[in-house]
Every structure is written in structure tokens, then in C-alpha cells.
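Here is a briefing on one structure, for a reader who works with coordinates. It covers a pocket, a helix pair and the salt bridges.

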Amino acid sequence: MKLTRLSDIRRKELRRAAFAVLQREGVAGATLEKVAAEAGASKGIVLHYFRNKQELFEHAMREANTALRDAVVARLKHARTPRERLEAIIKGNFEPAFYRPSICHAWLSLCAEVPRDAKLARIQEVIHARMNSNLMSALKGMVATDEAADIALGVTSLIDGLWLRLGLQKRGISGEQAIQQVKDFVAGRLAIASGRAAARREIAAS
């Protein structure tokens, strides 16, 4: 059995504490002192494991992203068809444990730093690349590759936008509403793709 090192446990605790502080304070209001207090540690302990505030928050973003990724993967394990895989990806991105205003606030705060922080930008690129890969894997079994790419872009943009709305509005869109918005978009695009395919077959047969 693989043993977990004490240092790994401590780093994980600090990453989670940092994300909790980000949810309340945002990047501008979050400090190493507040993270230390959240974790029940000293600022010196925080700096022992992370060089500075920037590095700590980068790791906090990775921690949160890993949790959301695992939620999607858990749903995908039970999906058997392309449509079920697509639905698993959509629902996984609006898990009640993550799709909450406080987490949206933390995510928005970190995203605001992306233009100035190459490492945060890279993390965001990885998030979008993984989502696109998952969506393409499902959609390629349903539509042509070029249409799949276009639908995947629309789904990703819509998910980002719905998270943004939840973070910016006091009465944001609920998880159920968000899921339905994305499902309706996909259903509409698949219907259009199906109509185009039928038209092409009709032309070829004539």
C-alpha cells in the first residue's frame, strides 16, 4: 500500500485552505496570513511549502480543478452511449458540490489574473482542452467531426457563461436550469446536424 507523506497531506490542507479564502476574499483580499489562519498554521509554515502567494493560489486552482475533473470522470464511468457520455459531461460540470456562488467567485477571481499569470493561463488552457477532448469523444459518435468541433465550442462557451452568471448575479441560474440550457442547445444543434445529413443523403440519392 502506498503511504502518503506528511508533507503531501500538509500541502493539500494548505491548498484547500487557500481556496476557501479565495471564495470569501478573492485574489485581492486573500493573504498568506488569512490562509494560515484558515489552515490553523503559521505564515511561516505556509511559506515552507509554497514560495509565495502566487504559487499557493496556482496550486489552489489546480486542486479545485482536479475535484471537478473527478466529478466528471465519475459520471463518465457509468455512461455507455455517446449521448450518455455527453450528458455526463454536462451534468458533471454543474455538480451541486461545486456549482455554488462562493466557488464561482473564487473561479472568477483567479480567471481575472490569467492575462497576467502564465501559469494560471496554462491551467485554464488545460481545463478547456480536457473538456473539449471529452466532448469531442462523445460527439464524434453522433455528428461529423467539423460539426462536433463547433458544438463542443458552443457547449464550452455556454458552461463558462453560466458559471459567470452565477458568480455575478445574486439570484444566479440554478444547476438544474443550467443543465437544461446546455442540453437544449445541444439538442437544437444535433437536430440541425441531422437535418443537414438527411438533406445530403437526399441529394446524393437523386
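**Largest pocket**

The largest pocket is lined by 29 residues, and A64, N65, L68, R69 and W163 lie nearest its centre. This is a predicted model: local features need pLDDT of at least 70, side-chain atom pairs count only at pLDDT 80 or more, and totals for chains, interfaces and linings use all residues. Residues are numbered from 1 along each chain as its sequence is written, and side-chain values use heavy atoms, with hydrogens and water left out.

- A pocket is an open set of points on a 1 Å grid over the protein atoms alone, where a 1.4 Å probe fits, with protein on both sides within 12 Å along at least five of seven lines; lining residues have an atom within 4 Å of a point.
- The space in the largest pocket is about 550 Å³.
- Two or more lining residues each come from α1 (6-29), α4 (53-76), α6 (101-111), α7 (118-139) and α8 (145-168).
- α4 gives the largest share, 9 residues.
- By class, the lining has 17 nonpolar, 6 polar and 6 charged residues.

**Helix pair**

- α6 and α8 pack at an angle of about 110°, and their axes are 8 Å apart.
- The two helices, α6 and α8, are therefore roughly perpendicular (65 to 115 degrees).
- In contact (heavy atoms within 4.5 Å) are P101, I103, C104, H105, W107 and L108 of α6 with D160, W163, L164, L166, G167 and L168 of α8.
- This contact has 9 nonpolar, 2 polar and 1 charged residues.

**Salt bridges**

- The structure holds 17 salt bridges (a side-chain nitrogen of Lys or Arg within 4 Å of a carboxyl oxygen of Asp or Glu).
- One of them joins the side chains of E63 and R16, at 3.4 Å from N to O.
- E63 is in helix α4 and R16 in helix α1, so the pair ties together parts 47 residues apart in sequence.

Notes
Grid points are joined across faces, edges and corners, and a volume is the space filled by probe spheres set on the points. Helices (H or I, at least four residues) and strands (E, at least two) are DSSP runs, numbered from the N terminus. Ala, Val, Leu, Ile, Met, Phe, Trp, Tyr, Cys and Pro count as nonpolar, Asp, Glu, Lys and Arg as charged, and the others, Gly among them, as polar. Axes are lines fitted to C-alpha atoms, for helices over the stretch in contact, and angles run from 0 to 180 degrees between N-to-C directions. Angles under 35 degrees count as roughly parallel, over 145 as roughly antiparallel, 65 to 115 as roughly perpendicular and the rest as oblique.
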